[in-house]
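Open the structure in your viewer and keep the selection tool at hand. The stops below say what to select next and what is there.

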Amino acid sequence: MNEQATSGSAVLEINDLAVGLGGAARSQRVIDGISLHVRERETLCVVGESGSGKSVTALTVMGLLPKRVLTPVGGSVRLAGEELLSASSKRLRQLRATTMAMIFQEPMTALNPVVPIGRQIDEVLRVHTDLDARARRQRILQMMEQVRLPEIERIFASYPHRLSGGQRQRIMIAMALVLKPKLLIADEPTTALDVTTQKQILTLIRDLQRDHGTAVLFITHDMGVVAEIADRVAVMRNGKLVETGPLDTILRAPTMEYTRNLLSSVPSLVPRPPRPRTDEPVVLEANELGKIYREHSFFGHAREVAAAQDVTLTLRKGRTLGIVGESGSGKSTVARCILRLIDPTSGRVRLAGHEISNLSRRLLRSHRRRIQIIFQDPYRSLNPRITVGETIAEGPVNFGVPHADALAKSRELLELVGLPPDAISRFPHQFSGGQRQRIAIARALALDPDVLVADEAVSALDVSVQAQVLDLLDEIQTRLGVALLFITHDLRVAAQICDDVAVMQHGRVVEHGSAAQVLTSPQQAYTRSLIDAAPGRGWDFANFRPVETAAMS
Amino acid sequence: MAIETLPQASLPVTRPFGRRLGFLTSTPIITAATVCLGLITALAILAPVLPLHDPLQLAPAQRLKPASAQFLLGTDAYGRDLLSRIIYGGRISLLIGLGAAVCSIGVGLVIGLISGFFRWIDAVMMRIMDGLMAIPSILLAIAVISLSGASLTTVLVAITIPEIPRVARLVRSVVLSAREEPYVEAAISVGSSMGKIMWRHLMPNTIAPLIVQGTYVCASAILTEAILSFLGAGISPETPTWGNIMAEGRAFFQVKPSLIFWPGLMLSLAILSVNLIGDAARDALDPRMRQRGGEA
Amino acid sequence: MFGYLVRRILAAIPVMGVVALFVFLLLRLTPGDPAAIIAGDNASPEQLERIRTMLGLNEPLYVQFFTWIGRLLRGDLGVSLISNVPVLTMIGQRIEPSISIAVATIILSILVAVPLGTIAAWKHGTWIDRFVMVLSVVGFSVPVFVIGYVLIQIFAIDLRWLPVQGYRSIAAGFGPFFERIILPTCTLSFIYIALIARMTRAAMLDVLNEDYVRTARAKGLRETAVLLRHGLRNAAVPVITVIGTGFALLISGVVVTESVFNLPGIGRLTVDAVLARDYPVIQAMILLTSALYVAVNLLVDVAYTLLDPRIRY
């Protein structure tokens with residue numbers, strides 16, 4: 001994408017790098033034989049799933065590996081020709097911020113909460129330059145303007161908690177680039193942000209890179225982001241380099257099997273072919289559902305925050321309804337109100353013909369079996385002290401099924417979700433994230449629910465695992481005819497699994513319709529901006545080609 | 001997420017709660033503490049069958065004798081055998097330590113579970129606990145004892161009361177954070193009753209922290225009992241307890257310092273051992289609970 | 001922030017209410033006639049009657065309580081049963097030694113413990129760390145009076161550097177005063193140092209794992225700047241908290257230390273009152289020390305707002 005990609009000298013050269021656990025030379029290697037280079041004005045995207053070693057590579061360059069835990073054991077890392085692995089810690093300190101700088105994934109925690117923003121950027125200048133206070137301030141404000149922050153004077157004096165995630169990431173970028181380093185390392189800098197903010201930050205990095213001529217080492221797990229920002233791509237897996245090449249080559253004609261699989265796992269933004277409309281009965285109906293939180297402040301009046309307002313949804317047997325929206329849009333609140341994990345403040349919920357929004361906790365219990373939930377975090381949604389079999393059997397036992405029968409059912413369900421029957425007597429920690437999510441699905445199915453709520457159920461998973469779990473949900477729906485309420489922030493996922501989509505913003509449904517209609521010809525500006533911001537929307541990854549313009553318009 | 005490739009390190013170590021006692025010998029120092037506490041306990045239990053002088057036998061002719069073959073550590077101001085009194089003193093200390101741990105955990109667990117689960121009780125309960133915590137434990141204990149007389153039971157009650165709020169607060173905080181876990185919400189949505197959720201999903205989370213807290217209460221109780229006896233507000237002076245022996249020794253400190261140092265050493269070793277075992281238990285069972293409140 | 005402070009102050013009221021109720025009920029709910037408990041077994045009927053009227057024990061319970069609270073609020077803590085001196089006067093006469101060693105201990109402990117804990121966390125896993133940890137367990141475990149006697153034996157008896165026991169008012173000259181509070185202060189500091197050092201280490205370990213510390217390193221700051229500006233500033237809140245909650249420990253320690261070193265402070269006063277069953281004095285001491293504890297923790301709450309800009313309500 002960058003016409004100058006091939007020109008310029010190499011800013012960063014990594015050759016045959018190996019990083020071992022602990023200090024010993026023959027210890028287990030988390031990174032083995034990585035060779036990369038990044039030139040001036042070039043963006044190299046390092047892409048890989050969790051455990052691929054991409055972040056460790058970045059931290060090795062910065063000399064920020066956790067001491068005594070990870071140690072470089074071989075190879076070389078050269079920054080503008082200078083060897084870093086053998087450099088003294090004093091020299092590394094001098095190079096940081098001046099020649100190489102880094103921004104991190106979590107903007108919410110990457111800034112010191114008790115020091116004003118201005119002073120945190122000022123530290124960089126104080127350590128590395130001889131500028132006086134006025135000149136430093138000038139330089140900082142100028143940099144803050146370059147990262148397009150509003151009201152820079154105010155933000156200069158503010159503490160981080162006053163700023164949004166996107167603003168904090170801009171501050172991080174300002175801090176990283178204030179001394180115009182040759183190399184910027186960005187470790188998943190937009191992963192924690194909403195798509196619209198992500199788009200702004202990606203554009204910002206791109207623009208600043210063009211202005212400053214910076215070399216960027218960009219680490220991500222998201223192929224969409226890769227397609228947006230990379231000049232060249234390096235694919236990593238299990239600490240090894242799988243392949244590397246120009247963006248176009250990798251996306252169109254990857255040579256390695258792993259890369260092909262990775263690309264074909266990326267769900268397409270183009271909605272899947274619509275399923276025929278059905279006249280199956282409505283199993284779930286929410287009418288003008290609302291949830292208002294009252295914050296009691298000590299002085300003055302209670303403040304009211306509407307987490308959800310006037311939400312009306314209908315879901316038929318065997319269909320999938322997606323609720324999409326950015327963080328804070330109220331999509332999870334709606335799900336939890338429907339499940340009565342929290343109590344709605346207004347509106348009605350009808351579940352298989354029964355009104356449940358005003359039932360007492362006791363009366364509600366008998367209806368619980370009709371609606372079940374799968375949570376986002378597979379590490380926290382299973383009790384670590386209880387065996388998988390008992391976890392799945394808990395629901396049926398609650399409803400009077402004899403314990404032995406419930407366990408037998410657990411075994412069947414494990415098979416259904418693709419786990420070996422001996423999983424029944426094992427504990428959750430013995431399974432990977434994807435496997436745990438399968439267990440959570442089995443638990444949800446144990447009660448033969450009419451409705452399954454998946455609250456960001458695939459968001460914490462790697463893209464290849466995500467594809468498998470989505471396939472599983474689809475298969476289960478076909479076999480059991482269960483209705484699926486699918487909550488996600490990811491339009492790609494929504495496009496692949498939903499029949500209907502409701503887009504939420506600020507607690508309200510702003511657009512509601514069939515997936516094909518909402519995602520290909522959105523009526524509302526907000527929906528359009530969401531789709532616009534989806535990274536890599538120009539690429540049809542699974543088919544190794546750009547999206548045909550006909551499908552987009 | 002940055003160091004995602006650390007094998008295992010990023011995974012929460014959530015092995016099912018096993019009754020592993022391996023931590024008792026995890027390092028040489030912990031092993032020494034385990035052995036030391038074992039010895040003190042064995043001596044205390046076996047005291048009546050050991051060839052010792054009667055710890056209560058007054059012998060005015062043998063006052064303040066130095067160490068000898070007959071009296072290995074010498075005698076006190078009433079001619080009683082110091083070694084025998086120290087060994088018998090261990091019985092009271094360990095009994096108080098264990099008793100206070102069991103009682104405070106029993107009461108604290110109930111209060112904590114109830115407070116963690118029922119909001120309307122919680123507010124009242126926690127104000128009461130705050131109030132109790134505001135009273136310095138030694139003052140609270142001596143006030144209780146001075147009013148109801150110094151028996152083993154009152155001393156135990158007086159030492160246990162100030163420990164209860166700490167246990168209750170601990171249990172409450174564990175319950176409150178465990179309630180927010182998705183697996184508890186999952187249990188609610190599969191229709192489990194409140195009782196079942198409490199018993200099956202919340203209670204087990206409190207076991208590890210309570211074992212750890214129990215050892216700290218035990219150490220703290222042994223210490224408090226000694227202080228009470230030392231101040232003259234504990235169990236009646238003729239009963240051999242480490243604090244009582246030292247209290248009597250105060251008057252003769254410049255003449256015979258061993259009356260203070262030997263029981264002081266035993267007391268310190270016992271508390272040190274229990275504390276070290278508590279730390280080891282914490283590291284083994286409950287790595288998250290690194291901090292430790294202000295127990296006396 | 002103003003709202004936050006008002007809230008904290010209002011929250012302290014029920015706490016003190018519980019303390020007052022506890023102190024009040026302690027005497028009334030103890031089995032037996034309260035007057036007999038106070039006067040002892042061989043008191044004459046006249047003595048008992050005198051105590052009953054002095055404490056208002058003939059009134060209904062709630063009348064007693066509100067009369068008593070009313071007096072408290074007017075600053076009337078009662079009169080000693082033994083000496084007939086107002087309790088407040090007695091406390092005023094004996095407070096200097098207690099305040100002196102308490103203040104000296106807090107200063108000494110913070111000066112020693114915070115650097116120790118910081119270094120231990122920074123050098124996590126090395127011998128320095130282990131040394132500090134062992135030191136802190138020992139500090140927790142060895143009783144105050146044992147430490148006191150060991151120090152007396154070494155520095156007063158064997159080396160003869162310092163006086164064994166006793167107290168001189170600061171009004172009589174700083175030298176003699178200082179000489180006599182060194183040992184009590186060191187004795188009392190042990191456990192407080194152990195407590196603060198341990199918490200500093202734990203808090204620093206947590207903070208040093210935070211992302212913003214990594215950011216600070218990525219900026220090319222020196223380790224000392226990372227530790228102090230980004231580490232300790234953020235670790236300060238839990239450390240200050242433990243200084244506040246540890247204050248209860250300090251009060252208990254003062255009582256014992258004064259007995260060991262024969263200091264005429266309010267700790268001694270309390271112990272003597274307990275032995276003589278001088279109930280008004282005991283009552284007043286519990287109330288005062290608890291109020292002090294609550295006040296110190298209120299100060300800690302105020303300190304939070306200065307240390308952490310996120311705390312506003």
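Start by selecting chain B: of its 296 residues, 52% are buried. The model is a predicted one. If contacts in chain B between residues at least 6 apart in sequence are taken, 69% of them link residues at least 24 apart.

Stay in chain B and select helix 7 (residues 194–231) together with helix 8 (residues 242–249). Their axes lie 7 Å apart and the two helices pack at an angle of about 30 degrees. The crossing of helix 7 of chain B and helix 8 of chain B is right-handed. To see the contact itself, show the side chains of Glu225(B), Ala226(B), Ile227(B), Leu228(B), Ser229(B) and Phe230(B) on helix 7 of chain B, and of Trp242(B), Gly243(B), Asn244(B), Met246(B) and Ala247(B) on helix 8 of chain B. This contact between helix 7 and helix 8 of chain B consists of seven nonpolar, three polar and one charged residues.

Now move to chain A and select Arg139(A), which sits in helix 4 (residues 133–146) of chain A. Leaving aside residues up to four places away in sequence, Arg139(A) touches Leu125(A), Leu131(A) and Val178(A). Of these, Leu125(A) is 14 residues from Arg139(A) along the chain, and their C-alpha atoms are 9.0 Å apart.

Further along chain A, select strand 11 (residues 282–295) and strand 14 (residues 346–351), an antiparallel pair with five bridges. Gly290(A) is found opposite Ser346(A) of strand 14 of chain A. Strands 14 and 15 of chain A make a hairpin with two residues between them, and Ala352(A) in the turn has a positive phi of about 50 degrees.

The last stop is an open sheet of six strands in chain A, with the order 16-17-18-13-19-20 and mixed pairing. At its edges are strand 16 (371–374) and strand 20 (508–514) of chain A, each pairing on one side only. From one strand to the next, the twist averages 15 degrees. Within the sheet, select strand 13 (residues 320–324) and strand 18 (residues 483–488) of chain A, which run parallel and share five bridges. Leu321(A) has Leu485(A) of strand 18 of chain A as its bridge partner. Finally, show helix 19 (residues 525–533) of chain A, which packs on the sheet and touches strand 19 (500–505) and strand 20 of chain A. The direction of helix 19 makes about 100 degrees with that of strand 19 of chain A.

Terms used: Residues are numbered from 1 along each chain as its sequence is written. Chains are lettered from A and ligands numbered from 1 in the order in which they are written. This is a predicted model: local features need pLDDT of at least 70, side-chain atom pairs count only at pLDDT 80 or more; totals for chains, interfaces and linings use all residues. Helices (H or I, at least four residues) and strands (E, at least two) are DSSP runs, numbered from the N terminus. Two residues are in contact if their C-beta atoms, placed from the backbone, lie within 7 Å. Two strands pair if DSSP finds at least two bridges between them. Axes are lines fitted to C-alpha atoms, for helices over the stretch in contact, and angles run from 0 to 180 degrees between N-to-C directions. A residue is buried if 20 or more other C-beta atoms lie within 10 Å of its own, exposed if 12 or fewer, and partly exposed in between; C-beta atoms are placed from the backbone. A crossing is left-handed if the near helix is turned anticlockwise from the far one by less than a right angle, and right-handed if clockwise. Ala, Val, Leu, Ile, Met, Phe, Trp, Tyr, Cys and Pro count as nonpolar, Asp, Glu, Lys and Arg as charged, and the others, Gly among them, as polar.
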